[in-house]
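Subject: Structure handover

Hello,

Here is the structure for you to take over. Please open it first, then read the notes below.

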Amino acid sequence: MSETFDFVIVGGGTAGCVLANRLTADGRFSVLMLEAGGEPRSIWISIPAGFSKLLVNETYNWRFATEPEDATQNRMIAVPRGRGLGGSTLINGMIYVRGQRGDFDGWAQMGAQGWSFDDVLPYFRKLESYAGPVSEWRGTGGPLPVMEVRERPAIADAFIAAAGESGFEANPDYNGDRQDGFGYYQVNQHKGRRVSAEKAYLAPVRHRPNLSVLTGACATKLVMEGGRVVAVEYRRGGEMLTVRARCEVVLAAGAIQSPQLLECSGIGNPEVLRRAGIVPHVELPAVGENYVDHFCTRMNWRVKVPVTLNELSRGPRLGLAVAQYYLNRTGILTLGTGLAYGFVRSRPGLSGPDVQYFFMHASYANAAERKLDRKPGMTIGVTQLRPESRGTIHVASPDPLAAPVIRPNFLATQTDRDCMVAGMRIARDIVAQPAMSRYRDSETSPGPGCETYDDWLNFARANGQTIYHAAGTCSMGRGGVVDSELKVNRLRGLRVVDASVMPTIVSGNTQAAVLMIAEKASDMILRSARGIETPAESRLARAASIR
Ligand SMILES: Cc1cc2nc3c(=O)[nH]c(=O)nc-3n(C[C@H](O)[C@H](O)[C@H](O)COP(=O)(O)OP(=O)(O)OC[C@H]3O[C@@H](n4cnc5c(N)ncnc54)[C@H](O)[C@@H]3O)c2cc1C
């Protein structure tokens, strides 16, 4: 006998926590959430500086990696993903960026009806509790606290001033009416502590009698009967179990594992499935295609004065920083990955910024593992906001516990290569400005020998990483995997709600958009379950009656 719930959510990550909260709010529906990882217990989760520890943590991080590809010099690039209640918000950099109006208007133009900026803005406002100035763009009563980073080291002020000398204005709120400019990042923290999706959405409602949460429960297969997904098979504690869904199964396993579970269940491109030894049941060629991520290079400089995290986080100074953190919840332990930001247009004629910068007064001997240099240093991460290159994530075997094959296909288009090169050149120009002269020593990476277009491109190929924003692999819109209601095409009883449904990646870090997607999806799911027609459904019904 298997248990039955109204909704079964697969994945207790960022989107999963929002869904668990909203779908149980009125008490009418029973919900089970299956999460492969565990409870978030490590102290490194709540301390923002714990980010670097979590990047290589085996418990809270799936630690995927890309296949080696020619374009990035046959390196395997790390693809961390959060594991446990809260998902990737347990281990992420906490940077809060919504993206640009044009991102969402672009989704609507690609067939994602109801996802234009004007449609999604109310959900962005609903989810956040912004500590900055009140405006028509920002929300103040939502579950997720959003505030500017508290630390304001003089070297970061100098970086922002140098950007001004290069012709880029300061912008007090890049999540407001325009993204362009420089300033301090906004982060999801409260009193110097990380606020994950688990903290913001799940913990406050764990007591609800209609919500069940199973950790250590890894979904292995979606069970279909007559074109409808009716149940989920999962493994827990060495046992194989099944749970049935009366209304819907909601897949929220993230952009790497949602396509994986679809494929392991026989939903996808029949050729890909057969190659992996899986019998195809539902033909959906877009599953696992359209994989997009933010490729990022990191430029480093030696700094003349000992004001960087390289020295401040060692020896007795670290002791002081720990004391400061526990006494006041301030200091360097409140810093995650981003301190000062920049959003710039790399060439004229663009409708919005196409390059994002991450300035940090720290430098790493090993960027992937975040091992700090011993001498003072600083880093500017350079990323292209809207890459054109598309890769794939597919299974290579029927084993749902085996890692899927991740092929990002970075730098595949001329636009992407040009944008990265232009972005790095602008960063060098900013650091060369007088405002940075007190701090700037030598550029160590790529270094002064890097001058020609090919030098820059080779540097990117040899050193670029991702900034961990996998998206697009179960995309919404024309020819995609899900429709505008996030229902999986050609099936009933199944939706996907996570970063994988983005038709194109948003211009910025992705968690805010995932939270928005899950907030909007919750409304759509509840409307269906309560028997209220959505506008899209009533249009379809009208069209059918006319025929
Ligand atoms: C290291 C890192 C740093 C980042 N930094 C930032 C940042 O600073 N700002 C920002 O905006 N974004 C950042 N991101 C990206 C952002 O966190 C993600 O885009 C977002 O959290 C993804 O949400 P999701 O719901 O799609 O997936 P996730 O939050 O990853 O949730 C998926 C969940 O599903 C579970 N799961 C997977 N497979 C199964 C299965 N078969 N059965 C049961 N459970 C399963 C996973 O364990 C996980 O808990 C970062 C991401 C990472 C990894």
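The ligand has 39 residues around it, and Thr14, Glu35, Ser88, Ile95 and Thr510 come nearest. A residue counts as near if one of its heavy atoms lies within 4 Å. This is a predicted model, in which local features need pLDDT of at least 70, side-chain atom pairs count only at pLDDT 80 or more, and totals for chains, interfaces and linings use all residues. Residues are numbered from 1 along each chain as its sequence is written, and side-chain values use heavy atoms, with hydrogens and water left out.

A backbone N or O atom of Ala36 is 3.1 Å from a ligand nitrogen atom. Trp62 places a polar side-chain atom 3.0 Å from a ligand oxygen atom. For Gln511, a backbone N or O atom lies 2.8 Å from an oxygen atom of the ligand. On its own the ligand has 1000 Å² of accessible area, and the protein covers 98% of that. Areas come from the Shrake-Rupley method with a 1.4 Å probe; for residues, only the protein chains shown count as cover.

Which elements give two or more residues to the shell around the ligand? They are α1 (14-23), β2 (31-35), β12 (217-225), α8 (254-264) and α14 (511-529). β12 gives the most, with 3 residues. Helices (H or I, at least four residues) and strands (E, at least two) are DSSP runs, numbered from the N terminus.

Now strand β6. Of its 5 residues (144-148), 4 are buried, so β6 is largely enclosed by the rest of the structure. Buried means under 20% relative accessible area, exposed over 50%, and partly exposed in between (1.4 Å probe, protein chains only). β5 (residues 128-130) runs parallel to β6, joined by 3 bridges. Strands pair if DSSP finds at least two bridges between them. Ser129 stands opposite Pro145 in β6. β8 (residues 186-187) runs antiparallel to β6, with 2 bridges. There, Gln186 is the bridge partner of Glu148.

Finally, helix α11 holds Leu318. Leu318 counts as partly exposed because its relative accessibility is 31%.

Best wishes

Terms used
Polar contact = N/O pair within 3.5 Å; in protein donor to acceptor, adjacent residues only side chain to side chain.
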